[in-house]
Amino acid sequence: MRRIKIFDTTLRDGEQSPGCSMNLNEKAVMAQQLDKLGVDVIEAGFAIASPMDFKSVQTIASALSENTSCVVASLARAAKGDIDLAWDAVKNAKNPRIHVFIATSDVHMKYKLRMTPEQVLNTVSEMVAYAKSFCDDIEFSAEDASRSEPEFLAKVYSNAIAAGATTINVPDTVGYSTPQEMSNLITYLREHVTGIDKVDISVHCHNDLGMGVANSLACIKAGASQVECTINGIGERAGNASLEEIVMALRTRKDFYDADTNINSKQIYRSSKLLSNIIGVPIWPTKPVVGSNAFAHEAGIHQHGVIANTQTYEIMNPEDIGVPHNTLVLGKHSGKHALRERLESMGYDLSDKELEEIFVKFKNLADKKKNITSSDLEALILHGNKHDANAELQFISHVVNAGRDVPNISCIKLERGGEILQDVAMGAGPLDASFKAINKMLGVDVKLHSFSLNAVTDGEDAIGEAIVKISDNNNNNKIFSGSGLSTDIIESSIRAYLNGINKMLESEN
Ligand code: KIV
Ligand code: ZN
C-alpha cells in the first residue's frame with residue numbers, strides 16, 4: 001500500500017482567506033494539534049508577508065516537540081529576499097523546508113510577472129539552487145500549473161529537480177481543472193519530467209468548482225505522493241481541498257486507492273472543531289466527515305436500518321474520527337479524578353496545570369448547569385485554548401438594564417494591566433449598549449461586521465457561544481473574529497467582543 005504524505009496548509013493558504021486570520025498564539029495551538037493529528041508537513045506561513053507571519057513561522061518551527069517527525073515549511077516567492085526570510089524563519093525547526101514558487105501559465109507570466117518563459121525557467125534554476133544552499137528539503141511549486149503549457153511545465157519541473165528540489169508541487173491554483181484533466185497532467189509529467197522518480201509529486205487543488213478533493217484523489221490515483229490540503233477546507237476564495245475528506249476517502253476506499261496516510265483519524269474531529277472555534281467560522285452541518293449531520297440519520301427507514309446494522313447507512317464510524325459520545329457525564333459533586341477520567345476517555349490528555357484550569361471552569365459551570373455532558377467539556381477545552389488569561393483586556397463584570405419600553409443601559413467593568421476600567425452607555429439593546437460602553441472606555445472605533453449566537457450544548461441551561469467579526473473602523477481590511485462562552489448570552493457576547501478587540505489590539509501593537 002502506498003503512503004501518501006499530508007501537507008497541511010491551514011496556517012498559510014487557509015489563514016490567507018478573509019475572516020480566517022489567527023493570532024500568534026492561536027497558530028501555535030493549531031500547529032500543536034496538527035502535529036498530534038499526524039500531518040507530515042505544516043506550512044506555517046509566508047515568512048515575508050508581514051513581521052507577524054515571520055514570527056508565527058519562527059514560533060511554530062521551534063515549538064513542535066523534540067521528537068516530532070513533522071516538517072515545518074515556509075512559503076517563498078522565487079526571489080532571494082523571500083528565500084532568506086523563509087530560511088531564517090524555519091531554520092530552527094527539527095525538519096525545515098523552504099517552499100519556493102513561481103507562476104508558469106501564460107496569463108500569469110505575461111500579466112502578473114511580466115516575464116518571458118525563458119526568464120521564468122532561469123529563475124527556477126537559480127532560486128531553487130539558492131534555497132538549496134540553505135536547506136536540503138526544497139519544495140518547488142509552479143503556480144497555476146494546471147493552466148500552463150504541459151511541455152513548458154515539464155521543463156520547469158525538470159529544472160527545479162536538477163537544481164535540488166525534493167518535492168515538485170502541481171497546483172490547480174484557480175480550481176479550474178477536472179479530475180480527469182488533473183490525472184492526465186500527473187501522468188504526463190511522470191513521463192516527461194527528468195528525475196521525477198527521485199522526488200515527491202505533490203498536488204494542491206483549490207475548490208472553486210467544488211472539485212478540490214476529487215481532483216486531489218484523482219492525482220493520488222495517478223501517482224502523486226503528497227497532497228496539500230487544509231482543515232475544514234479553508235483557503236483562498238472557495239478554499240482548498242479538505243484534509244479530513246481526503247484522509248477518510250483514502251481510508252474508507254482503501255480497496256480502490258490502495259493508499260493510506262499517517263493521520264491519526266481519531267484527532268480529525270477535534271482538529272476541525274478547534275479550527276472552527278479559533279477562526280469563528282462554523283462548520284456547515286452537511287460538511288462531509290465533520291459536519292453535525294454527517295452521522296445523523298433522520299428518515300425513519302434509515303434509523304431502522306442503522307439500528308439493525310450500522311453498515312446499512314454508515315460507511316464510516318464516528319468513533320474513528322473521534323466524535324465524542326454525548327452521554328451524561330458529570331455533575332456538581334464530581335471531583336478532579338472523575339473529570340480527568342472523562343476527558344481521557346474523550347481522547348484529551350491534559351497536563352496537571354491544564355486539568356486544574358479546566359476543573360475551575362468545570363466547577364463554575366456546574367454551579368449553573370445541572371448535567372455536564374461531553375459537549376460541555378469540549379466547549380470548555382476549546383475556549384481554554386484561547387488563553388484569554390494572558391490577554392490585555394480582562395472581563396470582570398457587567399450590569400445590564402434592558403427591556404422593551406425602558407432605556408437599554410449597560411455598565412461594564414474590565415481590567416487592563418492591573419488597572420480597573422469602568423464605563424456605562426445607552427444603546428438600542430443590551431448588546432449595543434454593552435459594546436458602546438466598551439468602545440467608550442477604550443477609546444476604540446470598532447466596526448461590527450457580524451454577530452452570531454449558538455447553543456453549543458443541549459438543554460435549557462445550554463452554554464451559548466457568541467461569535468463576532470470586527471475591524472478597526474480606520475482599517476477595514478483586517479477582520480478579527482472573537483468568541484465567548486457562557487450560560488448567560490449577554491456575558492458570552494461581551495466576552496466575544498472583548499476577545500475580538502484583544503486580537504485587534506495585539507495586531508496593532
Ligand atoms: O494555489 C497556489 O498555487 C498556491 C501556491 C503558492 C502553492 O497556493
Ligand atoms: Zn493555494
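Predicted model: local features only at pLDDT ≥ 70, side-chain atom pairs only at ≥ 80, totals over all residues.
User: Let us start with the helices. At what angle do the axes of α2 and α12 cross?

Analyst: The axes of helix α2 (residues 24-37) and helix α12 (residues 268-279) cross at roughly 170 degrees, and they come within 10 Å. That makes α2 roughly antiparallel to α12, because an angle over 145 degrees counts as such.

User: Why quote both the angle and the distance?

Analyst: Two packed helices are described by the angle between their axes and by the distance between those axes.

User: Which residues in α2 and α12 meet?

Analyst: On the α2 side they are Glu-26, Val-29, Met-30, Gln-33 and Leu-37. Their counterparts in α12 are Ile-268, Arg-270, Ser-271, Leu-274, Leu-275 and Ile-278.

User: And by class, what does that contact have?

Analyst: The contact of α2 with α12 has 7 nonpolar, 2 polar and 2 charged residues.

User: Changing topic: how many salt bridges does the count come to?

Analyst: The count comes to 27 salt bridges. One of them pairs Lys-112 with Glu-143, at 2.6 Å from N to O.

User: Where do Lys-112 and Glu-143 lie?

Analyst: Lys-112 is in helix α5 (residues 106-113), whereas Glu-143 belongs to strand β6 (residues 138-143). The pair therefore ties together parts that are 31 residues apart in sequence.

User: Is Glu-143 buried or exposed?

Analyst: Glu-143 is buried, because its relative accessible area of 16% is under the 20% limit.

User: What about Lys-91; with which residue does it form a salt bridge?

Analyst: Lys-91 forms a salt bridge with Asp-88, and the closest N and O atoms are 2.6 Å apart. Lys-91 counts as partly exposed at 40% relative accessibility. Asp-88 also falls in the partly exposed class, at 32%.

User: Next, Arg-147 and Asp-144. How far apart are the closest N and O atoms there?

Analyst: In the salt bridge between Arg-147 and Asp-144, those atoms are 3.0 Å apart.

User: Which accessibility class applies to Asp-144?

Analyst: Asp-144 counts as buried, at 0% relative accessibility. Arg-147, on the other hand, counts as partly exposed at 36%.

User: One last point. Which residues do salt bridges that share partners join into one network?

Analyst: Arg-12, Asp-13 and Glu-43 are joined into one network by salt bridges that share partners.

Note on methods. Residues numbered from 1 in each chain as written. Chains lettered and ligands numbered in written order. Heavy atoms only, no water. Axes fitted to C-alpha atoms, helices over the stretch in contact; angles between N-to-C directions. Helix = DSSP H or I, 4+ residues; strand = E, 2+ residues; numbered from the N terminus. Parallel < 35°, antiparallel > 145°, perpendicular 65-115°, else oblique. Contact = heavy atoms within 4.5 Å. Nonpolar A, V, L, I, M, F, W, Y, C, P; charged D, E, K, R; others polar. Salt bridge = Lys/Arg side-chain N within 4 Å of Asp/Glu carboxyl O. Buried < 20%, exposed > 50% of the residue type's maximum accessible area, 1.4 Å probe, protein only.
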